[in-house]
Amino acid sequence: MRARCLDLKGARPVLAIVGAWQALRVSRSSTLAAAAAGWACISLLCGCKPKANQTQCDLLLDRYARLVVAEKYPDATDALYGAERERERSEARGDDAFKNCTSEVSRAEFECAMRAPSADALEKCLE
């Protein structure tokens, strides 16, 4: 038996539709690359940079206090060093740079500050 062909006038052949669809298909890797490029552009436009978390801000505050005390009192006893460090921490905690740390300090600034050899260098990282 022979299969009957339906004569649909005005209908496009299925192969023509499938061929056109395959011509429009884009590879998965180029789609992912385009999505990543779009995300990067949006991030740059929005200024979306990962921020330091509260633990990192506490570490930053402690590092700053240690650097300030070490520079001010290089020959301090342990008791004086500990007391001055706590005083510097409480004083720095009221400063805007540390008060708004989680919303203003980027991770790159945090990493720079944690590598800083002096309190001045640490402050420059946060500018």
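Asp95 sits in the loop between helix 4 (78-93) and helix 5 (96-99). Keep in mind that this is a predicted model.

Reader: Is Asp95 buried, partly exposed or exposed?
Author: Buried would need under 20% relative accessible area, and exposed over 50%. Asp95 comes in at 41% relative accessibility, so the label is partly exposed.

Reader: Which helices does the disulfide of Cys57 and Cys101 link?
Author: The two sulfurs are 1.9 Å apart, and a disulfide joins Cys57 to Cys101. The pair links distant parts of the chain, 44 residues apart. Cys57 belongs to helix 3 (residues 54-72), and Cys101 to helix 6 (residues 101-104).

Reader: Are Cys57 and Cys101 buried or exposed?
Author: The cut-off for buried is under 20% relative accessible area. Cys57 has 5%, so Cys57 is buried. Cys101 has 1%, so Cys101 too is buried.

Reader: How many residues apart in sequence are the parts tied together by Cys112 and Cys125?
Author: Cys112 and Cys125 form a disulfide. Cys112 lies in helix 7 (residues 107-115) and Cys125 in helix 8 (residues 119-125), so the parts tied together are apart in sequence by 13 residues.

Reader: What pattern do the disulfides of the protein chain follow?
Author: The structure holds two disulfides. Counting bonded cysteines along the chain, the pattern is 1-2, 3-4.

Note on methods
Residues numbered from 1 in each chain as written. Predicted model: local features only at pLDDT ≥ 70, side-chain atom pairs only at ≥ 80, totals over all residues. Heavy atoms only, no water. Helix = DSSP H or I, 4+ residues; strand = E, 2+ residues; numbered from the N terminus. Buried < 20%, exposed > 50% of the residue type's maximum accessible area, 1.4 Å probe, protein only. Disulfide = S-S within 2.5 Å.
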